[in-house]
Amino acid sequence: MISNGKHIVLMAPPGGGKGTQAQILRDSLNIPHLSTGEMLRAAGRAGTEVGLQAKALIDKGCFVPDEMIISIISERLDQDDCKEGFILDGFPRTLPQAKALDTLLFEKGLRLDHVIEIQVPEDLIIQRIIGRFSCADCGAMYHDTFKPTKTFGVCDSCGGTHMIRRQDDNWVTVVSRLKTYNSITTPVLPYYEYQGLLTTIDGVGEIDVISEKLKKIILK
């Protein structure tokens, strides 16, 4: 199988920082960050058959079946920017998805090189999520404790004064999402550990420090 060490899955509970780290790795390694949500939206915008089917389900608030997600990932992996590798964020979430991904990659002559789990204590995750807010004008992200605006109520980036919080960034929703992750996604970890692909890192600390840990694992 063809491999260059850069076919990566990042796993972490909601609020664990995998999205942030995936974006940093994307820029430093020059490989695409493949977020499941963004891939579904992009496929819908592109008007592909499976993309339009997925969009119709999402617009109705319905569940997108695994087969459809795998098909969209397959289309995305065939694009030129994935030739040097990719960072998967948000997939796989379940053991059947992990097995389906292995089958898909095998069919394309590829394999995963690293599955990296970012571990963060649940109390910190709750604190991270319920304290975050953003500028409605430019989208800049902030946090009550970890990244407040320099001037209260004023965006550092654009000077906007309209700050917003996601409705689902509340204690009840976060705890529910963590329970779902622990029951559905955590069982995927032993599957990758058995294959010798899993590495676990501590996700507590400065963003740059965690990024360096990830790059050392990927580039060693």
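**Exercise 1.** In what order do the 3 strands of the open antiparallel sheet stand?

*Solution.* Before we start, note that this is a predicted model, in which local features need pLDDT of at least 70, side-chain atom pairs count only at pLDDT 80 or more, and totals for chains, interfaces and linings use all residues. Residues are numbered from 1 along each chain as its sequence is written, and side-chain values use heavy atoms, with hydrogens and water left out.

Step 1: Know the terms. Strands (E, at least two residues) and helices (H or I, at least four) are DSSP runs numbered from the N terminus, and two strands pair if DSSP finds at least two bridges between them.

Step 2: Read off the order, which is β6-β5-β7, with antiparallel pairing.

Step 3: Look at the edges. β6 (141-143) and β7 (163-164) each have a single partner strand, so one side of each is left without a neighbour in the sheet.

Step 4: Check the pairings. Strand β5 (residues 132-135) joins β6 over 3 bridges, and F133 has Y142 as its bridge partner in β6. β5 also pairs with β7, over 2 bridges; here S134 is partnered by I164.

Step 5: Visit the hairpin. Between β5 and β6 lie 5 residues, and G139 takes a positive phi near 85 degrees there.

**Exercise 2.** Find the edge strands of the 5-stranded open sheet.

*Solution.* Step 1: Write down the order, β2-β3-β1-β4-β8, in which the pairing is parallel.

Step 1: Pick out β2 and β8 (198-202), the edge strands, each of which pairs on one side only.

Step 2: β2 and strand β3 (residues 86-89) run parallel and are joined by 3 bridges, with H33 opposite I87 in β3.

**Exercise 3.** Describe how α3 packs against α4, then do likewise for α6 and α7.

*Solution.* Step 1: Recall the method. Two packed helices are described by the angle between their axes and the distance between the axes. Axes are lines fitted to C-alpha atoms, for helices over the stretch in contact, and angles run from 0 to 180 degrees between N-to-C directions.

Step 1: Take helix α3 (residues 49-59) and α4: the angle is about 135 degrees and the axes are 10 Å apart. That makes α3 oblique to α4 (under 35 degrees is roughly parallel, over 145 roughly antiparallel, 65 to 115 roughly perpendicular and the rest oblique).

Step 2: Turn to helix α6 (residues 122-130) and helix α7 (residues 171-185), which pack at about 135 degrees with axes 10 Å apart. This makes α6 oblique to α7.

Step 3: α3 passes α4 in a left-handed crossing, whereas the crossing of α6 and α7 is right-handed (left-handed if the near helix is turned anticlockwise from the far one by less than a right angle, right-handed if clockwise).
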